[in-house]
Amino acid sequence: MTREISCAEAGMEALIEEMQRDEKIFHLSTDAPPPLVQRFGEARVRGTPIAEGALTGMGIGAAGSGFRPIIDWRMVTFSFVAMDQVVNQASKIHYMFGGQTKFPILYRATVGGGVRMAAQHSQSPYSMFMNLAGLKMILPSTPYDTKGLLKTAIRDDNPVISFESTRLLTLKGEVPEEEYTIPLGVADVKREGTDVTIVALAWLVHEALAAAETLEKEGISAEVIDPRTLVPMDAETIRASARKTGRVVVADEAGPTCGASAEISALITEDPATFKCLKAAVRRVCALQVPIPYSPTLEDAVFPDRHKIAAAARAVMAER
Amino acid sequence: MDISPERQREMLRLMQTIRRFEERASTDYVAGDIYGTVHCYIGEEAVAVGVCAALNRDDQIISTHRGHGHCIAKGADLNRMMAELYGRETGYCKGKGGSMHIADFNIGMLGANGIVAGGISIITGAGLAAQLEGKGRVAVSFFGDGASCAGPFHESLNIAAAWKLPMIYVCENNLWAVNTSAERALAVQDVAARAGGYGIPGVIVDGNDIFAVHEAATKAVARARAGEGPTLIECKTYRHRRHTERPTQPDIRPQEEIDAWMKKDPIDRLVAHLKGQQGQLSEEEWKAMDDEILDKVEAAVAFAKASPFPAPERATDDVFAA
């Protein structure tokens, strides 16, 4: 049985199911989510002081003491006040202590723009975290993927960050009633095609699919790949598609500099077997490298969309 | 407080073990056998030992960059500690951590930490775990006067007080954050006064008096186990040595100040106390205890030297838990 629910609802279902399954899971966030408080009580689901640095560190200490904390930063914006704990502690602590204890922690954060919230509340900084060793991270694009990946992330024995696109929170999609999980590190081919590969992240998966519809009418068959998890990254699925089509567009809502798009491009071009199959330079479609502005005319100009993705696909098709 | 002579001698043995371990670590660091840096706890031993003597094995602590004393006081193995300093495979962290990252989760030692104030919220999370578990465990955060100026201290105390977490915050106020005096850096000279902002007890003790430290810790532990919430204990103490053992490490502390504190040495004080009590510690017994400690430190060095370095390919192990 499947039904249609939103990404936000899918995420909540994942938390409820996992908290029912494992009593070692508890939840900290500024403002406690009512559906969780109702089911699990105020001891396990705590609305906290606004102290993300402390919450992030407390997750580490509780995880090292046999619990499986979920820390919801809410907007990724607020993770930055906790960066000491993320960078100096969470990402390194398992390795630094010689692997003697596991630190199963889920950190959640919304990312992305498009909701007219201006620079501080419209960020997609996942590549800053990807640059650290020791953190896994997911970036789902559908309700189905959100639920399946979150459940796996909660069961993982490492710190995992779930980046969840603000634009997609209300997006509805089919989710089965039955239990399922999605492994980390497995990309999903959202649409099969033969002429050009579009590797897209989060909201841009949907823009890429819309671009693919347009391109199909022009006689261009686009394949759309969603990596779904940023660490580990499924390089092989991406490379296999690139070898098949020989032409690649990478679409990311973040800016290009040292972004996930740069990592994906490098994974494609540094692999000799894949490089030999390329018929055109890999092209990136990213946000402009600016803080995200407020006014609609400015914000819309800064972000990539289906039109920019389609234009990039046409450009790589035109290359010889 | 009534502490049996046996327990007092055990406290002395642990304090002297910290001192001899670090004297050797310093020597071997300067000789080039130990890498990076070494921060010595010498002079502050009464704090770690006095507090940890009030704890059970399953109670948890977290330490600082000056962490050897807390490890030893909580019961860490000298061989594995020294092997870690020597960068060997048999070390606590398999050679991945060194002096500033020794941890032993099996004895509730959640690690030394290279970031000032970095451990305070982590151990507060262990306190939350203890509260959720409901078995009466407590958690202790060791930190210095410098860390009491940093955000994690204030965020963590607020949360622990608001939630009545079973926490003991132990400030080792050694008057200097590297070469910046507490007199200049702290808005109030008593860190304990900061407890008032969080509605919890703030206790000042002579950190070089092990009995005073132990008594304050015992009270705080009882309060935490009873579910009454955290206590902030400020131990006024002093490091005998420079910030690190690096020979070029500057030390601007006034000589008169150093001399005055050397006279308040916590080990000398405990030895004098025990010798003053009929039949509790003779000079011969003290010498024998010290010799035994020196032998253990020597054995730890031998263990470290006999241990292999980790193979280069181990560098990619343990980035993630399997």
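Analyst: The open sheet of chain A has 5 strands in the order β9-β11-β10-β13-β14, with mixed pairing, where strands are DSSP runs of E of at least two residues and helices runs of H or I of at least four, numbered from the N terminus, and two strands pair if DSSP finds at least two bridges between them. This is a predicted model, in which local features need pLDDT of at least 70 and side-chain atom pairs count only at pLDDT 80 or more, while totals for chains, interfaces and linings use all residues. Residues are numbered from 1 along each chain as its sequence is written, and chains are lettered from A and ligands numbered from 1 in the order in which they are written.

Because β9 (188–191) and β14 (283–285) of chain A stand at the edges with a single partner strand each, one side of each is left without a neighbour in the sheet. Neighbouring strands of this sheet are turned by 25 degrees against each other on average, direction ignored. Within the sheet, β10 (residues 196–200) and β11 (residues 222–226) of chain A pair in the parallel sense over 4 bridges, and V196(A) stands opposite A222(A) in β11(A).

Helix α8 (residues 203–217) of chain A lies across β9, β10, β11 and β13 (248–251) of chain A and runs at about 175 degrees to β11(A); here axes are lines fitted to C-alpha atoms, for helices over the stretch in contact, and angles run from 0 to 180 degrees between N-to-C directions, with two residues in contact if their C-beta atoms, placed from the backbone, lie within 7 Å.
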